[in-house]
Amino acid sequence: MAKQRIGILGGTFDPIHCGHIRMGLSVLDAGYVDRLLVMPSGNPPHKSCIVSAEDRWKMTVAACACDDRLVPSRLELDRSGRIYTFDTLTALRREYPKADLSYIIGADTLTQLRSWYRSDEVIRLCTFLVCPRPDGSESADYASEAARLTSAGARFLPVRMRPVSVSSTDIRSALSAGQKPDGLPLPVFEYCRCKGLYGCPGRIDAIDSWIDQLFKALKPSRFAHSLSVADTAKKLAEIHGADPLRAEQAGLLHDCAKYIPLEEMRRIAAKHNLTDDPAMLDSAALLHSIVGAWLAQDQYGMPDPEVLDAIRYHNTGFPGMSVLSMCVCLADSIEPLRKSYPLLDQVRALAEQSLERALLLSLEGTAEYVKSRGRYLHPRTRETIHWLRRLTGTAK
Ligand SMILES: [Fe+2]
Ligand SMILES: [Fe+2]
């Protein structure tokens with residue numbers, strides 16, 4: 001069996017940003033490792049963190065959802081006391097006795113390696129994958145230090161990538177000024193925004209409990225999608241005159257029932273008289289919206305009927321739906337993490353000009369796709385399409 005090749009990308013991730021993700025993907029794409037453990041530090045020896053370990057963990061999980069080879073790891077978070085790279089590598093060596101371990105460092109860090117705790121042993125435990133400095137240069141003592149450490153047994157491999165100029169400090173100042181920083185993955189931005197991290201204005205009431213519940217209930221990719229829908233729905237609401245906060249709330253909660261097994265959803269629907277539509281009760285893809293609206297009210301404490309309607313109809317739409325519901329339904333199909341589908345670029349281009357026409361195109365695309373696969377199209381989607389055609393003067 002081929003040897004496992006495991007990379008480690010550690011950091012405070014306060015917050016994790018596109019520079020970290022790009023480093024990780026460059027190492028994977030270069031073929032140095034097969035998977036990469038992305039490891040937020042629990043109690044870093046030389047730095048104190050601004051937000052909690054659990055927030056840094058959830059942001060890391062959301063950011064890593066973009067690629068299966070990025071594997072968030074709690075190894076450093078779940079250990080108590082001060083944790084050094086030596087401890088992490090020793091623990092991994094015990095867990096994977098035969099694997100090749102590679103540790104990602106920046107070129108700046110190489111010149112500080114000698115000061116690391118038990119550095120002589122650290123250099124024997126792993127290969128170092130060295131990413132370029134932000135400006136692409138080498139520090140004056142880089143070559144001599146690399147040569148010295150190599151002669152002491154260290155192994156270095158260069159990571160070919162465009163230098164990363166994203167800085168956590170710049171990101172935090174932009175967030176505290178209420179701006180959207182460059183270089184922050186969208187789900188991480190929305191996470192900071194809705195939780196008001198780093199002084200970001202506009203924290204949502206009750207958000208801590210919502211985020212904890214969603215994080216437990218959803219797979220990482222769905223958690224990231226929900227954050228991304230929230231941001232997109234908010235933006236659409238700002239453009240088209242709906243309430244941005246309500247759009248954001250509905251976006252966050254719209255898929256809260258997504259992973260409840262169908263049998264359990266049917267039981268909830270029957271118990272609370274949510275629907276007697278056999279087509280709805282037969283499909284998890286349809287029923288999660290109705291059960292989601294109930295869950296949002298009952299377990300997340302969302303009292304607003306307009307927000308609950310936006311959740312209830314986010315997959316089928318309904319004739320006469322509000323601008324808010326349209327924003328959420330459209331955001332679900334165009335948020336930036338969405339996998340590409342045939343009309344996606346056109347729907348996105350239309351979304352800023354006409355909410356109705358963009359939603360119509362999106363639902364027509366869904367109808368076409370469902371028909372081409374010989375699957376069932378819910379009558380409410382068809383009725384919504386007809387309603388939108390009349391509304392936009394494009395009746396066929
Ligand atoms: Fe959904
Ligand atoms: Fe969704």
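**Reading an iron site and a strand pairing**

Mentor: Start with His225: its relative accessibility is 6%, so it counts as buried (under 20% relative accessible area; exposed is over 50%, partly exposed in between; 1.4 Å probe, protein chains only). The model is predicted: local features need pLDDT of at least 70, side-chain atom pairs 80 or more, while totals for chains, interfaces and linings use all residues. Residues are numbered from 1 along each chain, chains are lettered from A and ligands numbered from 1, both in written order, and side-chain values use heavy atoms, without hydrogens or water.

Trainee: Which residues are the protein donors of the iron ion (ligand 2)?

Mentor: Donors are N, O and S atoms within 2.8 Å of the metal (3.2 Å for Na, K and Ca); water is absent, so sites may look incomplete. Here they are His225 (NE2), His254 (NE2), Asp255 (OD) and Asp332 (OD), 2.2 to 2.3 Å from the iron ion (ligand 2). Their sequence spacing is H-x28-H-D-x76-D.

Trainee: Which parts does the pair His225 and Asp332 tie together?

Mentor: Helices (H or I, at least four residues) and strands (E, at least two) are DSSP runs, numbered from the N terminus. His225 sits in helix α10 (residues 220-240) and Asp332 in helix α16 (residues 323-334), so the pair links parts 107 residues apart in sequence. Asp332 is buried, at 9% relative accessibility.

Trainee: Which residue coordinates both iron ions, ligand 2 and ligand 1?

Mentor: Asp255 does. The two ions are 3.6 Å apart.

Trainee: In which sense do strands β1 and β4 pair?

Mentor: Pairing needs at least two DSSP bridges. Strand β1 (residues 5-11) runs parallel to β4 (residues 100-106), over four bridges. One of them joins Ile8 to Tyr103. Strand β2 (residues 35-40) also lies parallel to β1, with six bridges.
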